[in-house]
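Welcome! Please take a look at the sequence and the structure below, and then read on for a short tour.

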Amino acid sequence: MSVLNERLEKHIDLLLSRYPQLACVRDGIVKGYEIMEACYRRGGKVLIAGNGGSAADAEHIVGELMKGFCNPRPVPADYAAALTAVDAEMGAVLAKQLQCALPAIALDGHFALSTAFCNDCEPQLAFAQQVNGYGNAGDVLLGISTSGNSKNVLYAATVAKARGMQVVGLTGERESALSKMADACVRVPERETYMVQELHLPIYHCWCLMIEESFFG
């Protein structure tokens, strides 16, 4: 079992106190966090793929990682100075208002690219094409699939592994192709799609809180 420091442990404890049914996947939650935290330590990014409600979850996660979630994230003083050196007036506004970001990209949102690729090539490879273009060794693909068998997510995971990325899965409780392929997979203890999705949200909120605490706490 992974051991977290006290500052991060509090987020897991709060999650499990609110959703005690998730105690059975605690280790997977911790392992998924550790993979993503290590990715950011290396200067990497997280790519997120999902369909339908899971696509909405992907966008939600990006919103929590790319700006302040619960902690302030002021830009470093040297960067603030660089901004004002470019333009004193605009730089001062930017230095005050910009927030440090944890790079994350939801793969559902690039409509021109995805529709062009789906029209010209194989539609189920649209996420894979983006991983092929965006992904670098050391990055992470977070694949969200209530069944764990969404073909477009699996194709993306295959490309991710080939590019030297790690894969984190977020699925329902059944063993799946994604759970077998992922370096860490959280299989929440539900099978009905909407019930699975209801448990995915508090898990990724916990991940975002822990990552933010680690870098900006």
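## Around Leu15

Leaving aside neighbours within four places in sequence, Leu15 is in contact (heavy atoms within 4.5 Å) with Leu22, Ile29, Pro202, Ile203 and Cys206. Leu15 itself belongs to helix H1, residues 6-18; helices here are DSSP runs (H or I, at least four residues), numbered from the N terminus. Leu15 counts as buried because its relative accessibility is 6%, where buried means under 20% relative accessible area with a 1.4 Å probe, protein chains only.

## About the model

This is a predicted model, in which local features need pLDDT of at least 70 and side-chain atom pairs count only at pLDDT 80 or more, while totals for chains, interfaces and linings use all residues. Residues are numbered from 1 along each chain as its sequence is written, and side-chain values use heavy atoms, without hydrogens and water.

## The cavity

How many cavities of 30 Å³ or more does the structure hold? There is 1. A cavity is a set of points on a 1 Å grid over the protein atoms alone where a 1.4 Å probe fits but cannot get out. The largest cavity has about 30 Å³ of space, a volume being the space filled by probe spheres set on the points, which are joined across faces, edges and corners.

Its lining residues (an atom within 4 Å of a point) are Met36, Ile61, Leu65, Leu142, Tyr204, Trp207, Cys208 and Ile211. Helix H3 (53-65) and helix H10 (193-216) each supply at least two residues of this lining, and H10 gives the most, with 4.

How values were computed: 1 Å grid on protein atoms, 1.4 Å probe; cavity = no way out; pocket = protein on both sides within 12 Å on 5 of 7 lines; lining within 4 Å. Buried < 20%, exposed > 50% of the residue type's maximum accessible area, 1.4 Å probe, protein only.
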